Amino acid sequence: MEKGRTFETVVGLFVLVVAVFFFSYVYQKSGWVKSDGITLTARFDRADGLTEGTDVKISGVRVGKVLTTSVDPENFMAVVTFYVSANIKLPKDSSASVLSDGLFGGRYLAIIPGGEDENLQEGDSIENTTGPINIESLISNFVFSKDKKEETK
């Protein structure tokens, strides 16, 4: 092999190795892959806006991701499966709510830790849940209730 081709081959291999490390780093940090943690479920009457990859937060800090959402064919409840980092120990009486980041922001799953001594384990379910607030319904109720008050005067 010529000296020039050897240099080009070494540089090409170096670029390839750097690219592989870069893409693996981005893949791990992006949340596309489940990191170490425990998988939990929660059932909601509605789970609008929660999809695969949605953040799970405690006190506004991301501690996990939503893995799947589905409907229970028995009772038609939304079943949300998610994971929480292994270093987070959630009490069994913790609750879960679907909240939004501001008026027009995206939704996330908020976990409110309870005070019980026993912690949730892999595969457990959070029983106390609150679905999202429907802004359209609130506005509609406000407008129509105001119209009804004016009609009765």
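Is Lys65 buried or exposed? Lys65 is buried, with a relative accessible area of 10%; buried stands for under 20% relative accessible area, exposed for over 50%, and partly exposed for what lies in between (1.4 Å probe, protein chains only).

1. Basis of the note. The model is predicted: local features need pLDDT of at least 70, side-chain atom pairs count only at pLDDT 80 or more, and totals for chains, interfaces and linings use all residues. Residues are numbered from 1 along each chain as its sequence is written, and side-chain values use heavy atoms, with hydrogens and water left out.

2. The sheet. An open sheet of mixed pairing is formed by 8 strands, in the order β7-β1-β4-β3-β2-β6-β5-β8. At its edges stand β7 (125-126) and β8 (128-130); each has a single partner strand, so one side of each is left without a neighbour in the sheet. Strands here are DSSP runs (E, at least two residues; helices are H or I, at least four), numbered from the N terminus. Two strands pair if DSSP finds at least two bridges between them. Strands of a sheet pair through backbone hydrogen bonds, either parallel or antiparallel.

3. Strand β1 and its partners. With β7, strand β1 pairs in the parallel sense over 2 bridges, and Ile126 in β7 is the bridge partner of Ala42. With β4, strand β1 pairs in the antiparallel sense over 8 bridges. Phe44 stands opposite Ala78 in β4.

4. Strand β4 and the hairpin. Of the 8 residues of β4, 7 are buried, and the strand is mostly covered. Strands β3 and β4 run antiparallel and are joined by 7 bridges. The two form a hairpin with 6 residues between them, and Phe76 in the turn has a positive phi of about 60 degrees.

5. The setting of Lys65. Lys65 lies in strand β3, and its bridge partner in β4 is Tyr83. A polar atom of the Lys65 side chain lies 3.3 Å from the backbone oxygen of Gly53. A polar contact is a pair of N or O atoms within 3.5 Å; within protein, one must be able to donate a hydrogen and the other to accept it, and residues adjacent in sequence count only if both atoms are side-chain atoms.

6. The nonpolar core. The largest nonpolar core has 21 residues, and those with the most contacts inside it are Phe44, Val56, Val80, Phe82, Leu109 and Ile111. Such a core is a set of buried Ala, Val, Leu, Ile, Met, Phe, Trp, Tyr and Cys residues joined through side-chain atoms within 4.5 Å. At least two residues of this core come from each of β1, β2, β3, β4, β5 and β6. Not counting residues up to four places away in sequence, Leu109 touches residues including Phe44, Leu50, Val56, Val80, Phe82 and Ala96; contact means heavy atoms within 4.5 Å.

7. Salt bridges. Side chains of opposite charge can pair when their charged atoms come close. How many salt bridges does a search of the whole structure find? The search finds 5, a salt bridge being a side-chain nitrogen of Lys or Arg within 4 Å of a carboxyl oxygen of Asp or Glu.

8. Arg43 and Asp72. These side chains form a salt bridge, the closest N and O atoms being 2.7 Å apart. The pair links distant parts of the chain, 29 residues apart: Arg43 is in strand β1 (residues 37-44), and Asp72 is in the loop between β3 (61-71) and β4 (78-85). Arg43 is partly exposed, at 36% relative accessible area, whereas Asp72 is buried, at 14%.

9. Lys57 and Asp101. A salt bridge joins these side chains at 3.7 Å, N to O. Lys57 belongs to strand β2 (residues 55-58) and Asp101 to the loop between β5 (95-100) and β6 (107-112), so the pair ties together parts that are 44 residues apart in sequence. Lys57 is buried, with 14% relative accessibility, whereas Asp101 is partly exposed, with a relative accessible area of 43%.

10. Arg46 and Asp48. The side chains of this pair meet in a salt bridge of 2.5 Å, N to O. Arg46 is partly exposed at 29% relative accessibility, and Asp48 is partly exposed at 35%.

11. The loop at Ala86. Ala86 is in the loop between β4 and β5 and is partly exposed, at 37% relative accessibility. Ala86 and Asp36 are 50 residues apart in sequence and 5.8 Å apart in space, C-alpha to C-alpha. Leaving aside neighbours within four places in sequence, Ala86 is in contact with Asp36 and Gly37.
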